[in-house]
Amino acid sequence: MTDQTESLCHGVVPLTARTEAWMEDVLADPTLCRGLLREHGSPVNLHDFSPLARNASELVEAAGSRGLTCRVFVARKANKSLGLVDAAMAAGHGIDVASLRELTQCLDRGVAPDALIVSAAVKSDELLRTALTAGVVVSLDNRDELDDVFRLAEAPAAVALRMAAADPRIPDSRFGQTADAWVAALGSAHGPGQGVEVCGVHFHLNGYSAQERAVALREACSLVDRLRELGHRVSFIDMGGGVPMSYLRSGSQWRQFWHALDADSDGRLTWRGDRLGLVDPDSERPSPALYPYWQEIVRGEWLGSILDDELDGRTVAAELVERGLELRCEPGRSVLDGCGMTLASVAFTKTSRDGEPLVGLHMNRTQLRSTSADVLLDPRLVRDPDADTPRQVDDAFLVGAYCIEEELLLRRRLSFPQGVSRNDTVAFLNTGGYLMHILESASHQLPLARNLVHTGEGWRLDDIDAG
């Protein structure tokens, strides 16, 4: 059954987002939407972290069914709300932190040091000193960081080594060092009890390939063997993030969109005919410039395929179990699936000089953006309960508050079959993982969006903003 708000706004070629029941409850209440925006400003980020435990359990159960322990460390950089920290703790999971502030917030919140890992790409002395003093494992990226820990540590420090996979089947990455480089860097000066205790091997791969992760896990097992020969008691391999999820209801819509864009010789489906990086509409990933918003194999099934990968009759899971290793991962987006939604208020409607209908919102494009070239999800429109007759709007583009020509909130053309009124609410769905926070900017001195967390009694300001 089509939701009423779906009929008010959809892509000219629809890309319908999956939703959670709590999102539909909000969208069905125009007075609530308008009230939240009046009280907290536009845009406002809504969070209900209850799906997190369900999402993470898929990973834990996939490993457990193969005789392996998997420990989830939720990537804090995916969402800055302190409600995320509370939800991860309540579900029994750890937190992956990427900055000093993320670390101190978690420690102040009561997260146990052994439930944290520092994976920051660049680490200051203050960050390292805070982590070492608290007893938090630090993932070291390079020889200089190893030397920094040796210089700062007052006792042997628990560290993980970030491995750059050397296998040619895995694309090059700026993160980590090869196994050979790490063994050479450790040498006799950094042996067990002499500054560092290597307790884990860590790696980060770009993209979402299960096969590449199976290859990297085997390479990491070989590094574990070498480190143990040096006397280090390595207990885990951390495979980082990149756990896939799917935003869309329909894989057929995903394919239809790319074929429509490929055939769009008039350039009407997107802003100024933007091809969105399209390479091949039939490929598994039609555009490398965009997150794959439809993926068939996600989370637990995806991890299971990695662990079941065989080489010479032995699975990856068997290699890990044989060595007594714990598997760790650092998902962000995939465990935050269903945990967030962003509401914004309509500011104006107009037609540009070249005839393009525009709908302006009280928000800017950094408040709905990740490193992907666009967000390929249809928003939903909620009528202002006090609105006059909506203004007829032909297929239009959403534009934002920054004073630049390319201030597009979405680069796809949207249809508004029943028009748009000022102060209507536009809802962007499933934004909790990265989309609302990772690139958010306060340029023009516009305020950052406030963050609300759903409780049993309604919506409260998240502590990240309440202070």
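**Entry 1: the second largest pocket**

I looked up which element gives the largest share of the lining of the second largest pocket, and found helix H11 (residues 251-262), with 3 residues. Helices here are DSSP runs of H or I with at least four residues, strands are runs of E with at least two, and both are numbered from the N terminus. I note that this is a predicted model, in which local features need pLDDT of at least 70 and side-chain atom pairs count only at pLDDT 80 or more, while totals for chains, interfaces and linings use all residues. Residues are numbered from 1 along each chain as its sequence is written, and side-chain values use heavy atoms, with hydrogens and water left out.

The volume of this second largest pocket is about 350 Å³. Its lining has 13 residues, and the closest to the centre are Glu 284, Pro 292, Trp 294, Gln 295 and Glu 296. I recorded the search terms: on a 1 Å grid over the protein atoms alone, a pocket is an open set of points with protein on both sides within 12 Å along at least five of seven lines, a cavity is a set where a 1.4 Å probe fits but cannot get out, and lining residues have an atom within 4 Å of a point. Grid points are joined across faces, edges and corners, and a volume is the space filled by probe spheres set on the points.

By class, I found 7 nonpolar, 2 polar and 4 charged residues in this lining. Nonpolar covers Ala, Val, Leu, Ile, Met, Phe, Trp, Tyr, Cys and Pro; charged covers Asp, Glu, Lys and Arg; the others, Gly among them, are polar.

**Entry 2: the largest pocket**

I then turned to the largest pocket, whose volume is about 1,000 Å³. It is lined by 38 residues, and His 204, Leu 205, Asn 206, Tyr 208 and Tyr 434 lie nearest its centre. The lining divides into 17 nonpolar, 12 polar and 9 charged residues.

**Entry 3: the cavity**

How many cavities of 30 Å³ or more are there in the whole structure? I found 1. The largest cavity has a volume of about 40 Å³. Among the residues that line it are Leu 368, Asp 378 and Phe 428. Its lining has 7 nonpolar residues, 1 charged residue and no polar ones.

**Entry 4: the barrel**

I traced 8 strands that close into a barrel with parallel pairing, in the order S3-S4-S5-S6-S7-S8-S9-S12. Neighbouring strands of this sheet are turned by 30° against each other on average, direction ignored. Two strands pair if DSSP finds at least two bridges between them.

Strand S12 (residues 326-329) pairs with S3 (residues 70-75) in the parallel sense over 3 bridges. Within this pairing, Cys 70 has Leu 327 as its bridge partner, and Arg 71 has Arg 328. Strand S9 (residues 236-238) also pairs with S12 in the parallel sense over 3 bridges, and Ile 237 stands opposite Leu 327.

I also checked a helix against the sheet: H6 (residues 100-109) lies across S4 (94-97) and S5 (116-118), running at about 155° to S4. Axes are lines fitted to C-alpha atoms, for helices over the stretch in contact, and angles run from 0 to 180 degrees between N-to-C directions.

**Entry 5: Pro 390**

I located Pro 390 in the loop between strand S15 (380-382) and strand S16 (397-399). Pro 390 counts as partly exposed because its relative accessibility is 29%; buried means under 20% relative accessible area, exposed over 50%, and partly exposed in between (1.4 Å probe, protein chains only). Its C-alpha atom is separated by 8.2 Å from that of Arg 422, 32 residues apart along the chain.

Conventions: Contact means heavy atoms within 4.5 Å.
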